[in-house]
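Could you walk me through this model in the viewer, one selection after another? I would like to know what to click on next and what is there.

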Amino acid sequence: MHPTRNVPASNLQTGARVALIGLVVNVLVATAKIVAGVLGNAYVLIADGMESALDIAGSAIIWGGLKFAARPPDATHPYGHGKAEPIAAIVVSVGVLAAALALAVQSVREIFIPHHAPARYTLVVLVAVIVIKELMYRYVVRVGKDVESTAVQTDAWHHRADAMTSVAALIGISVALIGGEGWESADDWAALFACAVIATNGYRLMKPALQEIMDTAPPRGAIYDRVHQSAGAVRGVKEVEKCIIRKMGLSFYVDMHVGVDGTISVREGHHIAHEVKKAIQQENPRVADVLVHIEPARE
């Protein structure tokens, strides 16, 4: 019996829907930035638009990863397809780091190439982009935390990074316009700063995804306490000696040792183990499975 299977699937579907919304927003934002940058002679805006274009690919990968992770367990994947979710996050993070490097190289080149100051209307485009992207970040990160999805939170920070690079672009273009002749490269310096921000976010986003791939234990605290309390409250359980928890996609798998009266029958021990599993899953619907090892309690 697995009463918890529908919850992770529903969360994955929610995450996929959010990624799809982000995909549409990124298409509109990237198009606006690149067009305004080309027409307005603002390289930092073109670079920012290219970064947004990469976000389109990122959102598509996140969406695909979440849809794949939502597949139920099968003969070849008895634990489900949850690993597709952090793998998608890693692919996107690598893309972010590569984009940061490529844009940084181009920004340095542009600093030494004379060019005209950006057009004033590019500032209006940037202000609009900053507001839209910050609102998207707040919405997506809230959903990502609710469903505890590494990939969705990665996608959220893409929106925040985009907003930050747009702020840098806004400052750079403003300096170029206010400074006048001789300050035309200010937007290129801003683009270089934006690259550093993008790279930092790429590294920060990759770390939790790698930890999940490596089956790193969740932080000690809430989930461990809830599992211990649920198991300890079951009639016949005298102690909980060992508890190992790992995250698989949006689900958790628990292995634990439970101490019981050493004189009870095998049938009674099996019943207690079943009740422990049921209690844990009822308290936390995201626990997909619990492996309970019954052993005699210490005197």
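## Starting in helix 8

Begin by selecting E275 and K278: both sit in helix 8, 3 residues apart, which is about one turn of the helix. Helices here are DSSP runs of H or I with at least four residues, strands are runs of E with at least two, and both are numbered from the N terminus. Show the side chains, and you will find E275 and K278 meeting in a salt bridge at 3.5 Å, N to O. A salt bridge here is a side-chain nitrogen of Lys or Arg within 4 Å of a carboxyl oxygen of Asp or Glu. E275 counts as partly exposed at 23% relative accessibility, and K278 is partly exposed too, with 32%. For these labels, buried means under 20% relative accessible area, exposed over 50%, and partly exposed in between (1.4 Å probe, protein chains only).

Before moving on, note that this is a predicted model, in which local features need pLDDT of at least 70 and side-chain atom pairs count only at pLDDT 80 or more, while totals for chains, interfaces and linings use all residues. Residues are numbered from 1 along each chain as its sequence is written, and side-chain values use heavy atoms, with hydrogens and water left out.

The structure holds 6 salt bridges. Next, select E134 and R160, whose side chains pair at 2.8 Å, N to O. E134 is in helix 4 and R160 in helix 5, 26 residues apart, so this pair links distant parts of the chain. E134 is buried, with a relative accessible area of 18%.

Then go to R226 and E283, where the closest N and O atoms are 3.2 Å apart in another salt bridge. R226 belongs to helix 7 (residues 222–232) and E283 to helix 8 (residues 266–283), so the pair ties together parts 57 residues apart in sequence.

## Into the cores

Now select I62, L66, L103, V140, A156 and I198, the residues with the most contacts inside the largest nonpolar core, which has 24 residues. Such a core is a set of buried Ala, Val, Leu, Ile, Met, Phe, Trp, Tyr and Cys residues joined through side-chain atoms within 4.5 Å. Helices 1 to 6 each give two or more residues to this core. Zoom in on A156: leaving aside neighbours within four places in sequence, A156 is in contact (heavy atoms within 4.5 Å) with Y137, V140 and V141.

Which residue's side chain makes a polar contact with the side chain of H257? Select E295 in strand 3 (residues 287–296); the two side chains are 3.3 Å apart. A polar contact is a pair of N or O atoms within 3.5 Å; within protein, one must be able to donate a hydrogen and the other to accept it, and residues adjacent in sequence count only if both atoms are side-chain atoms. E295 counts as buried at 17% relative accessibility.

H81, in the loop between helix 2 and helix 3, is buried at 6%. A polar atom of the H81 side chain lies 3.4 Å from the backbone oxygen of R71.

## Last stop: the surface

Finish with L39 in helix 1, which is exposed at 66% relative accessibility.
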